[in-house]
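Here are my notes on the model you sent. Please read them with the structure open.

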Amino acid sequence: MNLSRPRSLKWSLVLRIAILQCVMLTLIIVGTLGAMLATGIVPNDYEDGTMDVLTDALTRDATGALMLRDTSNLARLRTNVPDLWFIIRDRQGHRLQEGAVPAPYQPFVALLDNISDARIDLAIGEASPPGGKIRWTDTAAGNVQIMSGTKGELSLLRVLGQAPNLFLWGILPLAGLMALATLFVTPWVVRGALSGLGNAAAAAEQIDIDKRGVQLPLEGVPKEVTPLVKAVNAALSRLDAGYERHKRFLTDAAHELRTPVAILNTRLASLPATPERARLLQDAARLSALADQLLDLQRLDRQAEHFGPVDLVVVARNVVVDLAPMAFAAGYEMSFDPAKEKLAVRGDRTAIERAVTNLVQNAIDHGGKTGRITVSVRSPAVIEVLDEGDGVPPSERERIFEPFYRLRPQDHGAGLGLNLVRDLMQLHGGKVEVLDGSARGACFRMIFPAMPSG
């Protein structure tokens, strides 16, 4: 199954805002120009209509003289402006003139060599548009000077033809500057707006099987995400309630099992000693151990409330003393390798003893009935139980800690001993792992967080 990379909210916002700004800027400019065209502001006040038509139509003939092509815009201009007049000249002395220059503008004709750009009008002050204009401009015939009237109108086709240049040199640079501003501002804005969501994510990382009752904080969470956080909190509450029901059921079932198992043991003990009676007693002992382990699992939550300093050396020594007779009877040698100094951890002494006991009993059951079982304690806070049996295949080293999983189906255990060890270690903030023994067999290592000094 292909999983696409999660999309970045920050960069999605940057991209969308940049595109929106570019579109809005284009619409504003186009809308403003359209409104000016619709209301007649631009055609009435536009003063370069005549020059635009002349610039587009100007060319040269075969001899290099200036001439005008018969364009539709030029024909329309001559129709709409019967008194059209203009002078077009270049630096090489070529000259093209049409119509009579009005008498008030005649003095400027003699001064064209000294004028580069001018607006000419008979009224006092600035007129819009003026009566005439003088300007040097680039055309298909080269750079020329045009003197003409200003009665021509703005061509819509010319406006549309200039749209790409407007976008390239006007809209695009502005949009780029706005996009750069968005690039730097949006991450800061998003980070501030989603800070509450970050707190909720940090709280979610603390949720674990042994930390129930956790709720995600709603403070600072955007209202668009609040329904999701509330739904997660409701789901967590349902899970907590379901876990409590499940825990109560297991506790009640374990208590109910102990009474009939005790009655069964009593009745079996009264039977004559036969191989069948021994097998039945063994099965009854298995049921009794299962009930005890189920109760131990349910006591884990309450044990964390009574944690205190525990000396691992003392705990391990007590387990060795208690189980050494059982190991000797099963054909093993028993060895204890304590640390030279006191190794204290914070935890429940009874629970840690139970975990070490389970590992030693596991070594007795699976060590091959021969060799040595060694319990060692070393710094900073580690207990190891080693045997010289067949060991645990690497592919099974995670599964053996699952509840009710047995490496060898013919074993008489219930498959909860190692699972209880793992849960106890998690309760103490540590872990249990299985490795190869130094010579052969298995090495179960309990690693506790060291207790702070002082």
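1. One term comes up in the points on strands: two strands pair if DSSP finds at least two bridges between them. Within S7, Gln 145 is the bridge partner of Arg 89.

2. Keep in mind that this is a predicted model. The protein chain holds 13 helices and 14 strands. It has 454 residues, and buried residues make up 38% of them. Take the contacts between residues at least 6 apart in sequence: 60% of these join residues at least 24 apart. The accessible surface of the chain is about 26,600 Å². Carbon and sulfur atoms hold 59% of that surface.

3. Back to S3, which covers residues 86-89. Which way do its side chains point? Phe 86 and Ile 88 point one way, while Ile 87 and Arg 89 point the other way. All of these residues are buried, Arg 89 included.

4. S3 also pairs with strand S4 (residues 95-98). The sense is antiparallel, over 4 bridges. Here Ile 88 has Leu 96 of S4 as its bridge partner. The hairpin of S3 and S4 leaves 5 residues between the strands. In that hairpin, look at Gly 93: its phi is positive, near 95 degrees.

5. Next, Lys 133, in strand S6 (residues 132-139). Is Lys 133 buried or exposed? Its relative accessible area is 7%, under the 20% cut-off, so Lys 133 counts as buried. Its side chain makes a polar contact of 3.1 Å with the side chain of Glu 47.

6. What else does Lys 133 touch, beyond residues up to four places away in sequence? The list includes Asp 48 and Met 51, along with Ala 118 and Arg 119. Ile 146, Met 147, Ser 148 and Thr 150 are also on it. Ala 118 lies 15 residues from Lys 133 in sequence, and the C-alpha to C-alpha separation is 5.6 Å.

7. His 428 is buried because its relative accessibility, 6%, falls under 20%. Its side chain reaches the backbone nitrogen of Asp 348 at 3.0 Å. Leaving aside neighbours within four places in sequence, the contacts of His 428 include Phe 307, Arg 346, Gly 347 and Ala 351. Ile 352, Phe 448 and Pro 449 are also among them.

8. Now the nonpolar cores. In soluble globular proteins, nonpolar side chains tend to be buried together. The largest core here has 45 residues. Val 360, Phe 444, Met 446 and Phe 448 touch the most other members. Several elements give two or more residues to this core: helices H11 (312-329), H12 (349-366) and H13, and strands S11 (372-378), S12 (382-386), S13 and S14 (442-447). H11 gives the most, with 9 residues.

9. Apart from neighbours within four places in sequence, Val 360 is in contact with Val 319, Leu 323, Met 334, Val 375 and Val 385. A second core is separate and has 17 residues. Leu 54, Ala 57, Leu 66 and Ala 141 are among its members.

How values were computed:
Residues are numbered from 1 along each chain as its sequence is written. This is a predicted model: local features need pLDDT of at least 70, side-chain atom pairs count only at pLDDT 80 or more; totals for chains, interfaces and linings use all residues. Side-chain values use heavy atoms; hydrogens and water are left out. Buried means under 20% relative accessible area, exposed over 50%, partly exposed in between (1.4 Å probe, protein chains only). Contact means heavy atoms within 4.5 Å. A polar contact is a pair of N or O atoms within 3.5 Å; within protein, one must be able to donate a hydrogen and the other to accept it, and residues adjacent in sequence count only if both atoms are side-chain atoms. A nonpolar core is a set of buried Ala, Val, Leu, Ile, Met, Phe, Trp, Tyr and Cys residues joined through side-chain atoms within 4.5 Å. Accessible areas come from the Shrake-Rupley method with a 1.4 Å probe; for residues, only the protein chains shown count as cover.
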